[in-house]
Each structure stands twice: as structure tokens, then as C-alpha cells.
Amino acid sequence: INIDNFSEFGHLIHKETAFEKISINQGTTVRHHDISDLELTNENGIPAISIFSGSPRNIPIEIKIMEKHPIGSQSFLPVQNINWLIVVSKEKNNMPDLDTLRCFHMQGDVGITYNKNVWHHPLLVRKNQDFWIVYRIIKNEKPLKIIGTRQSVRINTFHIATYLASR
């Protein structure tokens, strides 16, 4: 994964993607500034942070559902340095376009922000793993759209992600 092949889906969160590096705290800390754009306050949303605890799925992993957040962005930041996967697709006729399905192998020290309205698969981890999640909340709102795919796609191992990402 790199900035260019993921840009239509969102942003990578890593020290190297910072727009600016600023020395702070009497020179003892480097602030990696402005790493990812967030859309959290649309339609009176309130920024929130949660922890998601992911569990591994059986391999081969079947991609049977996709979801999107039509009102705001959603960021995933791994707590442990364990590699993980993300699966995204473009949209066609208000549904995920499986012909554009992309699977990315993520290094454990890299997070992502999904842009609003991006179809993605729920969390995919190799081992039990925690993530800081930055997203928007609002009382009584159901901003998440989840659908079953008409066909399933299988990911046989975490190594296959490199091949699928090049499709």
C-alpha cells in the first residue's frame, strides 16, 4: 500500500505521511503534524475515540459483507505492531463494485482513515489485536450502511494481499 494507490479510499496514518514535522516540548518530542484529514462534525456529529478488539477470521477469509459510513470518516490506528489487512472497493449503483475490490496488506505501525462513503470490509486481523478508532457519533443516528455482497471473494492467506492489491 502507498499514498497513491490508497488515496481514492482515504489516507495512510504514519510518521512518514506527515505534512510537517515540528519539534516541541523543549526539543524532546517531534510532532508529526497533519497526517490525515477527518470528517467528524458533519450533520452535528461529535468526534469520538473507541477501542476495537479484533479477532482473526478463519482462512480462507470470505468477503461476504461490505460497509460504508456515508456521513463521516473513520480512522483505524493499531495499538500493537501486528500486520493486518484492509479490503475496499469503489461504488457502482449505490453498491460495492466487486470488480474494483482491493485488498491491502498493512504494516502494524501504519493506520488508515477511510474517507466518508467508502465501501470497506470490517476489521481483518492476523492475531487478536486492538485498534484506536476515531470516528463520529450522534445520538439515535444510524450512519453505517452494511450490505451482503452478491458473491463472495476469498482471501487465502495474508500473503495473497500483495497480489490482490495489484489487480
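Reader: Which residues does Gln 129 touch, not counting residues up to four places away in sequence?

Author: A contact means heavy atoms within 4.5 Å. By that reading, Gln 129 touches Phe 52, Ser 53, Gly 54, Pro 78, Gln 80, Ile 82, Asn 83 and Trp 84, leaving aside residues up to four places away in sequence. Bear in mind that this is a predicted model, where local features need pLDDT of at least 70, side-chain atom pairs count only at pLDDT 80 or more, and totals for chains, interfaces and linings use all residues. Residues are numbered from 1 along each chain as its sequence is written, and side-chain values use heavy atoms, with hydrogens and water left out.

Reader: Is Gln 129 buried or exposed?

Author: Buried means under 20% relative accessible area, exposed over 50%, and partly exposed in between (1.4 Å probe, protein chains only). Gln 129 counts as buried because its relative accessibility is 1%.

Reader: What does the side chain of Gln 129 reach?

Author: The backbone oxygen of Ile 82, at 3.0 Å. As for its place, Gln 129 is in strand 14, residues 129-137; strands (E, at least two residues) are DSSP runs, numbered from the N terminus.

Reader: And where is Val 125 found?

Author: In strand 13, residues 124-125. Val 125 is buried too, with a relative accessible area of 3%. Val 125 and Pro 56 sit 69 residues apart in sequence, yet 5.1 Å apart in space, C-alpha to C-alpha.

Reader: How much of the whole chain counts as buried?

Author: 41% of the 167 residues of the protein chain. Among contacts with a separation of 6 or more, residues 24 or more positions apart account for 79%.

Terms used. Helix = DSSP H or I, 4+ residues; strand = E, 2+ residues; numbered from the N terminus. Polar contact = N/O pair within 3.5 Å; in protein donor to acceptor, adjacent residues only side chain to side chain.
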